[in-house]
Amino acid sequence: MTGVQTCALPIFKANSEKATAQAVTPWDLWTDWAAYSTDLAQRSVLFWDTLRQRGNAFLRHEAAGKPPVLHFEHEIVLDARRFERPVNYALARIVPPDGVVIDPKRRPYIIIDPRAGHGPGIGGFKDDSQVGAALRDGHPVYFVIFFPDPEAGQTMLDVCAAEQRFVRKVHELHPDSPKPAIVGNCQGGWAAMMLATASPEDAGPIVINGAPMSYWGGAWSEGEGDNPMRYSGGLLGGTWLASFSADLGNGVFDGAHLVQNFENLNPANTFWEKYYNLFANVDKEAPRFLDFERWWGGFYLLNRDEIEWITQNLFVGNKLWSGETRNRDGGFFDLREIKSPIILFASMGDNITPPQQAFNWVADVYGSTDEIKARGQVIVGLLHEDIGHLGIFVSGRVARKEHAQIVSVMKSIESLPPGLYGMQITERRGADGKPEYDVTFVERTLEDVVQRLNRFKRADEKPFEAVEAVSEFNQRAYQLFAQPIVQALSNDYAAKLGRELHPLRASRWGVSDLNPWLQWLGPAAEWVRSQRKALGAEHPLRRQERLGSEIMSASLDYYRDLRDAASEAAFFLVYGNLFALYLADKREAEERGAAVAFALQLVIEHAEAVAAGGFHLIERQ
């Protein structure tokens with residue numbers, strides 16, 4: 001005990017001397033507080049002025065017709081609004097920037113952006129992007145854009161047909177090149193798969209990034225409470241709400257509803273973190289904030305037929321992979337018809353399109369690794385460790401690494417023997433100190449991949465069968481009893497007013513020069529910039545401010561975790577009962593019987609081919 005006291009005494013004296021040396025006077029406290037108060041007031045004015053600029057940019061973007069937010073110049077090649085079955089889509093050619101040389105004989109790239117509430121351009125939002133990666137490698141690049149308002153009567157099948165014409169047009173423009181590579185982002189991913197299925201002879205390799213293909217998946221092999229967005233369809237009673245929203249819009253569905261769903265996933269970022277980050281770093285963060293908000297605040301529209309097709313066939317129905325979805329010619333979309341290599345890029349940090357939704361369809365469609373090989377298919381999976389959903393498309397770091405390497409090794413992917421592969425990218429420093437990358441392909445088995453990605457052997461997906469049945473019942477009930485009344489009461493004026501008053505739009509135009517109460521803000525911000533006295537980020541009061549911000553973020557995260565846990569529990573309480581399991585088992589038995597019958601047909605046809613003195617790959621008719 002005495003030894004401990006003896007050792008502690010010098011430490012106590014040292015701390016006392018340090019405290020005395022750092023003692024502050026009341027005047028020091030006052031000057032620190034005055035400096036912080038000045039900085040706080042100035043940052044507040046600059047913060048609100050940045051929001052005012054966002055509102056003005058929103059109004060200008062609306063007045064200009066909400067053009068694509070592409071970083072690159074582009075020119076329209078085909079305008080589908082002039083087709084026999086018009087749709088609000090167009091094929092644009094990216095004009096190479098100065099100093100970038102394009103070889104017209106190299107494989108062209110066609111990039112399809114998601115039409116999920118926002119406008120097009122996220123695939124070419126900056127120089128380090130999917131467009132930039134392909135251009136720097138010398139490839140011609142085309143971009144599928146779309147306009148804010150849908151054409152009257154257009155359907156998703158019409159859109160698919162228009163995109164098929166786009167692919168054929170690119171092939172005509174580059175007759176000496178390999179077939180175009182098709183890159184689909186998020187919902188543009190399943191659009192790319194649909195057009196490749198409908199026209200497999202025209203499509204080259206397909207790259208789908210963060211694309212939801214198996215909407216019912218989302219549970220990792222470890223952990224709980226994963227990906228709550230997949231439960232929303234069941235908790236809202238199915239697809240009827242989308243129809244109701246479109247009817248309130250007089251036949252038009254507001255994409256701002258979809259954007260709000262994305263924002264609700266992370267309330268800490270939506271309501272606090274992105275704004276505090278701007279507030280804390282307002283001197284340098286404003287340009288980046290305004291640039292991103294230009295895309296995030298551009299809300300596009302869909303018509304009733306489109307949103308109903310999406311929700312009934314994909315969100316709730318989960319039918320694309322099953323071969324139950326009809327194309328415009330009356331046939332079915334069969335993903336087995338795709339013969340070009342398929343590259344799947346997903347991230348474990350993505351809670352909008354988790355890897356299960358990006359990869360599980362492969363197991364549903366092919367059933368086994370042997371069938372993938374028997375059909376001569378090459379499927380390559382690339383999994384990021386932590387990037388979020390938007391980061392897959394907008395992150396410059398991801399563009400320089402993953403997207404650039406996908407472009408650079410496309411010929412190698414085409415030369416792989418049939419099978420399932422994992423793409424691994426290893427970073428190293430080159431002689432000049434810049435990062436260089438090595439790409440390897442590791443053969444995988446479908447069974448191991450499915451086991452790694454899913455817990456409960458995907459038994460957690462069975463209640464979604466009941467969701468589909470309940471959704472169909474509610475949809476019919478709405479169409480029979482409520483839809484005629486809602487449609488009779490709807491009109492264009494009320495629909496436009498409802499869209500203008502949507503919280504995401506009102507939060508932008510409400511803080512703009514359109515608001516007469518804010519006429520003082522612009523001049524005040526100019527004066528503050530001329531008198532700016534910024535306080536260092538390591539000032540004690542700034543550190544206390546950051547601590548308060550972290551507490552606020554943690555509180556909102558806690559609320560989110562409680563909400564998501566309650567949603568998950570409510571979902572399985574409602575749908576995870578014996579009736580739900582009965583429906584799922586019944587569907588599983590039907591699918592198993594169909595799979596056995598098809599496998600038997602495959603064996604018979606192979607045996608007949610062998611007996612005839614040859615062997616060929618059998619394509620499903």
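**Close-up views of a predicted model**

View 1. Leaving aside residues up to four places away in sequence, Q357 touches A211, P212, M213, S214, Y215, G217, R230 and I352; contact means heavy atoms within 4.5 Å. The model is predicted, so local features need pLDDT of at least 70 and side-chain atom pairs count only at pLDDT 80 or more, while totals for chains, interfaces and linings use all residues. Residues are numbered from 1 along each chain as its sequence is written, and side-chain values use heavy atoms, with hydrogens and water left out. Q357 counts as buried because its relative accessibility is 5%; buried means under 20% relative accessible area, exposed over 50%, and partly exposed in between, with a 1.4 Å probe and protein chains only. A polar atom of the Q357 side chain lies 3.4 Å from the backbone oxygen of Y215. A polar contact is a pair of N or O atoms within 3.5 Å; within protein, one must be able to donate a hydrogen and the other to accept it, and residues adjacent in sequence count only if both atoms are side-chain atoms. Helices (H or I, at least four residues) and strands (E, at least two) are DSSP runs, numbered from the N terminus.

View 2. With a relative accessible area of 8%, N303 is buried. A polar atom of its side chain lies 2.9 Å from the backbone oxygen of Q154. Not counting residues up to four places away in sequence, N303 touches P150, E151, G153, Q154, G251, V252 and F253.

**View 3. Packing of helix α7 (residues 240–248) on helix α11 (residues 304–315).** The two axes are 9 Å apart, at an angle of about 170°, which makes α7 roughly antiparallel to α11. Axes are lines fitted to C-alpha atoms, for helices over the stretch in contact, and angles run from 0 to 180 degrees between N-to-C directions. Angles under 35 degrees count as roughly parallel, over 145 as roughly antiparallel, 65 to 115 as roughly perpendicular and the rest as oblique. From α7, the residues A242, S243, A246 and D247 meet R304, I307, E308 and T311 of α11. Three residues of this contact are nonpolar, two polar and three charged. Here Ala, Val, Leu, Ile, Met, Phe, Trp, Tyr, Cys and Pro count as nonpolar, Asp, Glu, Lys and Arg as charged, and the others, Gly among them, as polar.

**View 4. Crossing of helix α18 (residues 463–489) and α22.** The axes come within 9 Å and cross at roughly 75°, so α18 is roughly perpendicular to α22. P463, F464, A466, V467 and V470 of α18 make the contact with F571, F572 and Y575 of α22. The residues of this contact divide into eight nonpolar, no polar and no charged.

**View 5. Salt bridge between D128 and R400.** The closest N and O atoms of the pair are 2.9 Å apart; a salt bridge is a side-chain nitrogen of Lys or Arg within 4 Å of a carboxyl oxygen of Asp or Glu. D128 lies in the loop between β3 (109–112) and α3 (130–136) and R400 in helix α15 (residues 396–408), so the pair ties together parts that are 272 residues apart in sequence. R400 counts as partly exposed, at 43% relative accessibility.

**View 6. Salt bridge between D254 and R505, with E500.** The closest N and O atoms of D254 and R505 are 2.6 Å apart. This pair links distant parts of the chain, with D254 in strand β7 (residues 252–254) and R505 in helix α20 (residues 503–509), 251 residues apart. Both D254 and R505 are buried. R505 is also touched by E500, which touches A506 and W509 as well, not counting residues up to four places away in sequence. E500 sits in helix α19 (residues 492–500) and counts as partly exposed, at 38% relative accessibility.

**View 7. Salt bridge between R532 and D283 and its network.** The closest N and O atoms of R532 and D283 are 2.9 Å apart. The pair links distant parts of the chain: R532 is in the loop between α21 (521–530) and α22 (540–575), and D283 is in helix α10 (residues 282–296), 249 residues away. A network of salt bridges links D39, R43, D283, R532, R542 and E545. In the whole structure, a search finds 44 salt bridges.
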